[in-house]
Amino acid sequence: MPTLIQVFYSKKAKISLRREIGKDSSELSKFNLVVVERQRWDREPGWGKIKSSKGYGVINIEWDSSTKMLTGRVITKKTTLPTPLIGDFVNYLFSRHKSIQAINIVLR
């Protein structure tokens with residue numbers, strides 16, 4: 001079940017939320033999350049991949065600096081529900097990033 005997460009960051013923030021998540025690996029591990037990839041030379045800037053350390057799946061994240069929005073595509077195996085991974089990620093966001101304005105979760 002493809003799931004989309006939209007995280008709206010404060011317009012006043014001058015940082016990339018994706019970059020901040022990528023640098024926060026010690027805190028991510030407390031929420032059962034691991035940064036797998038940040039950037040590769042053959043991909044557009046502003047993307048990353050976060051994996052569940054419990055094997056739930058991955059979240060591919062992209063940052064749009066003009067709208068201050070982080071978009072995450074949750075990818076799980078057919079038999080795995082995305083809810084534990086989404087829960088860990090949202091819990092991490094609210095615990096570590098205080099400039100979040102809203103989070104939308106859309107089932108596709």
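User: How do you know that the span of α3 agrees with its number of residues?

Analyst: The expected span of a helix is 1.5 Å times one less than its number of residues. The 14 residues of α3 should therefore span 20 Å, and the end C-alpha atoms are 20 Å apart, which agrees. Helices here are DSSP runs of H or I with at least four residues, and strands are E runs of at least two, numbered from the N terminus. The model is predicted: local features need pLDDT of at least 70, side-chain atom pairs count only at pLDDT 80 or more, and totals for chains, interfaces and linings use all residues. Residues are numbered from 1 along each chain, and side-chain values use heavy atoms, without hydrogens and water.

User: How many aromatic pairs does a search of the whole structure find?

Analyst: The search finds two.

User: Why is the pair of Y9 and W63 called edge-to-face?

Analyst: Rings of Phe, Tyr and Trp (its six-membered ring) pair if their centres lie within 6.5 Å; planes under 30 degrees apart count as stacked, over 60 as edge-to-face and the rest as tilted. The centres of Y9 and W63 are 6.1 Å apart and the planes stand at 85°, so this pair is edge-to-face. Y9 belongs to strand β1 (residues 3–9) and W63 to strand β4 (residues 58–64), 54 residues apart.

User: What makes Y9 count as buried?

Analyst: Buried means under 20% relative accessible area, exposed over 50%, partly exposed in between (1.4 Å probe, protein chains only). Y9 has 6% relative accessibility and therefore counts as buried; W63, at 13%, is buried too.
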